Amino acid sequence: MNCLLCGKSAVYELRHSGHWLCKKHFTQLFERKVKKTIRQGGLLGKGDHILVLLDGSTQSMVCLKILNDIMRPNPKAVLSAALVDDGFGAEFSRESKYCESIGVEHNLVQFGKVKDFALKCGASKIALSDDVEDEVKNSLKALLEFRPHDIEKLGETTEYPPKKGISAIKVLREVSDADITLYAELNEIPSGRFKITGPEDRQLRQMIDTLERMHPGTKYQMLASTDDIRKMLSEKQSS
Ligand SMILES: [Zn+2]
């Protein structure tokens, strides 16, 4: 297969059209999607200090790489990383090396101390690496457990921890984990482990993947429905 835009050897099939893209044009498309989420959500301010949480997943490494690319030209912006120790003996040499290679300050932080660390180091926002599947899974979970107001906590900005922390941003919420994995492979970002999740979360993810296979586009429709419900809930609250 050849790239629709330049004719070079292709690596990625576009979901709806069946056309293909090469490495360069897939990378541009992926970065454009993430930048659109950032722009439309107003996620980055000029003087922001963003603390990226590195949990060992590929998603968190891609989140760091993209934010570093965007923020580096701005001398007022600060980017740092927290290697989040979940207490299960996680090992972060790959993440440390990557941070050093791109010049990002990084510290090992215990899972329960992230908020304190963020406040202590002067971070204005925490960057989470939730992707479209995480967002849809959390939305579905809120509906299944009859906690519709938990949907309000979703979206491109939230609080860390919910309702009592500092603001958290999700720059990857509109890209899928498959696209994130491919982006990492093509751009030589060290790939991480799978995200650690409980059995219930894994079941929901599998359910969402099954629905997507049966009805392509379902994930994005569910994300759009989630965003509509969020808007309705916040309009109801402000009226
Ligand atoms: Zn191309």
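The structure is a predicted model: local features need pLDDT of at least 70, side-chain atom pairs count only at pLDDT 80 or more, and totals for chains, interfaces and linings use all residues. Residues are numbered from 1 along each chain as its sequence is written.

**Overall form**

The chain contains eight helices and eight strands; helices (H or I, at least four residues) and strands (E, at least two) are DSSP runs, numbered from the N terminus. Its radius of gyration is 18 Å, close to the 18 Å that the globule rule gives for 239 residues, so the chain is as compact as a globular protein of that length. This radius is taken over C-alpha atoms, and the rule is 2.2 Å times the number of residues to the power 0.38. Along the principal axes, the C-alpha atoms fill a box of roughly 50 × 45 × 35 Å.

Of the 239 residues, 32% are buried. A residue is buried if 20 or more other C-beta atoms lie within 10 Å of its own, exposed if 12 or fewer, and partly exposed in between, with C-beta atoms placed from the backbone. Among contacts between residues at least 6 apart in sequence, 70% join residues at least 24 apart; a contact requires C-beta atoms, placed from the backbone, within 7 Å.

**The sheet**

Six strands form an open sheet in the order β5-β4-β3-β6-β8-β7, with mixed pairing. The edge strands, β5 (105–110) and β7 (157–160), each pair on one side only. Two strands pair if DSSP finds at least two bridges between them. From one strand to the next, the twist averages 35 degrees.

Strands β3 and β4 run parallel and are joined by six bridges. Between them the chain passes through α2, and this β-α-β crossover is right-handed. That term applies if, with the strands pointing away from the viewer, the path from the first strand over the helix to the second runs clockwise. Helix α2 lies across β3 (49–54), β4 and β6 (125–128), at about 160 degrees to β3. Axes are lines fitted to C-alpha atoms, for helices over the stretch in contact, and angles run from 0 to 180 degrees between N-to-C directions.

Strand β4 (residues 78–85) is also joined to β5 by six bridges, and these two run parallel. Together with helix α3 (residues 93–102), β4 and β5 make a right-handed β-α-β unit.

| Residue | Opposite residue | Strand of the opposite residue |
|---|---|---|
| I50 | L79 | β4 |
| V84 | V109 | β5 |

**The nonpolar core**

A nonpolar core is a set of buried Ala, Val, Leu, Ile, Met, Phe, Trp, Tyr and Cys residues joined through C-beta atoms within 7 Å. The largest one has 46 residues, of which V52 and A127 touch the most other members. Helix α2 (residues 58–71) gives the largest share, six residues. Leaving aside residues up to four places away in sequence, A127 touches I50, L51, V52, L53, C63, L67, I169 and V171.

**Two loop residues**

Most residues other than glycine have a negative phi. F146, in the loop between α5 (132–144) and β7, has a positive phi near 50 degrees. E188, in the loop between α6 (177–186) and α7 (199–214), has a positive phi near 55 degrees. F146 counts as exposed because it has 7 C-beta neighbours inside 10 Å, and E188 counts as exposed with 8.

Terms used. Contact = placed C-beta atoms within 7 Å.
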